[in-house]
Amino acid sequence: MAKKLYERPIIRPLTSGLMNKFGSRSEYLPVTHIDGASVKDMLKEFGSPLFVFSERQVRENMRNAKRAFETRYPKVQFAWSYKTNYLNAICNIFHQEGSWAEVVSRFEYDKAILNGVPGDKILFNGPDKTDDDLRTAIKNNSPIHIDHLDELYRLTEQATEMKVKPRVAIRINMDTGIYPLWDRFGFNYENGQAWDALNKIMASGKLNLVGLHAHIGTYMISTNAYYVAATKLADLAINLKQKHDTTIQYIDMGGGFASQNTLKGSYLKGADMVPSVNEYAEAICTGLINAGFKSNELPTLILEPGRVLIDDAGFLLGTVIANKRLSDGRKATILDFGVNILFTSFWYDHKISPAQEFGMHTEDTILYGPLCMNIDVIRENVALPPLNAGDNLVVHHVGAYDITQSMQFISLRPAVVIVDSMSKAHLIKRKETLQDIQHNEAMPEFLRSFKLS
Amino acid sequence: MRIKKNIAVSDNGFIFNPSTGDSYSINPIGMEIIRQLKETRPKEEIKHSIMNEYNCDEATFEKDFYDFTMMLRNYKLLEHE
Ligand SMILES: Cc1ncc(COP(=O)(O)O)c(C=O)c1O
């Protein structure tokens with residue numbers, strides 16, 4: 001006779017008032033497949049831990065966002081925020097869906113070029129552009145988004161030397177009624193810096209002013225802030241028209257739309273709290289359409305959302321290494337992935353699902369990563385069914401910033417795969433090797449050898 | 001090792017400690033172990049019965065039994081030995 005499935009014995013105190021038949025059942029169902037691809041099979045083939053992306057989800061997110069804006073505004077262009085996730089395979093899905101590239105460094109710029117994005121469709125943002133970076137962007141006719149006056153002067157010099165008029169925008173920061181105000185990037189609206197910079201550009205005659213840019217923050221849960229920002233940028237554009245008779249080609253509203261992750265310390269779950277892309281689109285498009293542009297002079301609306309388009313398309317699969325009982329009686333589970341590859345666990349209480357069937361009972365558990373470091377905590381307290389060493393877990397919503405901010409620390413970084421629409425997993429980044437890491441190291445002759453006694 | 005006499009064990013996964021008013025929920029394997037402890041069966045016997053019925057090896061049982069009874073002691077559900 002087949003034996004029954006074993007589950008670790010657990011006892012859980014019931015808090016009065018919360019008593020129900022199942023103790024406190026975790027909200028989660030097991031996640032055994034991602035888009036039809038078996039979690040266990042993928043772990044067997046590519047190793048644990050493993051990042052998995054859903055091609056279907058990326059395309060769906062992109063198409064939903066496009067629809068949200070295109071149904072409300074006549075001219076819309078998306079640019080993929082490389083820093084959010086610059087795995088080439090991921091970038092190319094966005095490019096296949098029609099997105100340009102939005103980059104904030106030469107490294108990202110060159111990546112976009114190598115991916116085949118035409119120079120005039122790469123928006124060059126960020127405070128750090130060297131003279132060489134500026135010249136490259138000028139040569140490629142890329143819109144350069146100026147961050148500060150020093151850059152404006154250097155860019156003017158380069159343009160004069162090269163005898164071309166580069167396409168430029170300025171980044172503008174402003175009070176949108178939210179705190180903290182991101183005033184470290186670009187020129188301030190309220191104190192007149194932005195207007196001064198625009199006048200300087202017009203007076204020099206050396207730069208071709210094509211756009212206005214803002215990125216008011218990240219994980220913004222106020223849609224009204226976007227309405228305010230759109231109104232203020234439109235106001236500048238209309239003033240430019242009046243004073244200099246120049247028509248701005250585009251207004252770039254940046255990104256910052258919240259994904260459905262739950263912020264640490266938040267009482268409500270992200271999914272129950274954050275606005276939908278439609279609501280952001282409504283705020284922005286209403287702001288622009290009501291601003292008073294002549295209908296034939298409406299600027300193109302550029303958008304650079306990152307996390308909202310990719311977060312829920314990424315999963316991290318991993319394995320339980322061991323269980324422990326802490327001195328105060330709490331249960332602790334040690335996993336084979338740590339905060340070095342799940343950087344967002346510092347901001348989010350990630351949703352985590354077991355990858356195998358489980359019973360009705362849960363335990364409050366603290367989840368530790370494998371690093372021999374006290375900071376390596378994935379979840380401080382989560383109700384999970386009893387997990388045994390060797391069981392697998394799926395962490396949800398890890399598509400944004402975890403890959404690009406991951407750190408090689410103590411161990412090697414895992415492989416990344418993408419599941420296609422036929423449920424087939426394709427490797428898009430292989431697991432790191434010792435050779436990858438040591439490749440750039442050098443050993444001076446005098447340190448080559450040693451003797452231990 | 002014995003469960004305190006006054007502890008009430010229900011069939012559907014609850015135990016109640018009348019001297020403190022605390023109640024606990026327990027999963028089926030935990031219930032099985034508690035039931036046998038109530039009958040004052042020795043650990044070896046409990047082990048064999050669980051391993052006969054469930055898909056579980058000896059090392060896993062030893063580890064989990066140790067942890068589980070530590071929690072029972074922690075919640076003051078065991079007689080002093
Ligand atoms: C200029 C710019 N655009 C777009 C983004 C994407 O932001 P998010 O992922 O919050 O949408 C960023 C991220 O910081 C950014 O700096």
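Trainee: How much area do chain B and chain A bury between them, and what share of it is on carbon and sulfur atoms?

Mentor: Good place to start! In this predicted model, chain B and chain A bury about 2200 Å² between them, with 60% of it on carbon and sulfur atoms. On the chain B side, Ser25(B), Asn27(B) and Asp64(B) lose the most area to chain A, together 24% of what that side buries. The contact draws in 28 residues from chain B and 21 residues from chain A.

Trainee: What makes the meeting of Glu53(B) and Lys4(A) a salt bridge?

Mentor: Set the distance against the cut-off. Their side chains come to 2.6 Å, N to O, and the rule asks for a Lys or Arg side-chain nitrogen within 4 Å of a carboxyl oxygen of Asp or Glu. The pair therefore qualifies as a salt bridge.

Trainee: Why is Met373(A) called partly exposed?

Mentor: Its relative accessible area is 38%. Buried would need under 20% and exposed over 50%, so a value in between is called partly exposed. Met373(A) lies in the loop between strand S17 and strand S18 of chain A.

Trainee: What kind of surface patch does Met373(A) form with Phe346(A), Ile375(A) and Ile410(A)?

Mentor: A nonpolar one, with about 380 Å² of accessible area together. Patch members need over 30% relative accessible area, and the 38% of Met373(A) passes that mark.

Trainee: How do you know that both faces of strand S19 of chain A are covered?

Mentor: Look at each side in turn. Asn392(A) and Val394(A) are on one side, Leu393(A) and Val395(A) on the other, and all are buried.

Trainee: What makes S14 of chain A and S19(A) a pair?

Mentor: Count the bridges: there are four, in the antiparallel sense, and pairing needs at least two. Thr319(A) stands opposite Asn392(A) there. Strand S16 of chain A also runs antiparallel to S19(A), joined by three bridges, with Ile352(A) opposite Val395(A).

Trainee: Which residues of helix H5 of chain A are buried, and what do they pack against?

Mentor: Asp133(A), Leu134(A), Thr136(A), Ala137(A) and Ile138(A) are the buried ones. The buried residues of H5(A) pack against helix H4, strand S7, strand S8 and helix H6 of chain A. After the helix comes Asn141(A), with a positive phi near 60°.

Definitions and conventions: Residues are numbered from 1 along each chain as its sequence is written. Chains are lettered from A and ligands numbered from 1 in the order in which they are written. This is a predicted model: local features need pLDDT of at least 70, side-chain atom pairs count only at pLDDT 80 or more; totals for chains, interfaces and linings use all residues. Side-chain values use heavy atoms; hydrogens and water are left out. Buried means under 20% relative accessible area, exposed over 50%, partly exposed in between (1.4 Å probe, protein chains only). Helices (H or I, at least four residues) and strands (E, at least two) are DSSP runs, numbered from the N terminus. Patches are made of residues with over 30% relative accessible area and no salt bridge: like charges are joined within 9 Å, nonpolar side chains (Val, Leu, Ile, Met, Phe, Trp, Tyr) within 5 Å. Accessible areas come from the Shrake-Rupley method with a 1.4 Å probe; for residues, only the protein chains shown count as cover. Contact means heavy atoms within 4.5 Å. Buried area is the accessible area (1.4 Å probe) that two parts lose on being put together, summed over both.
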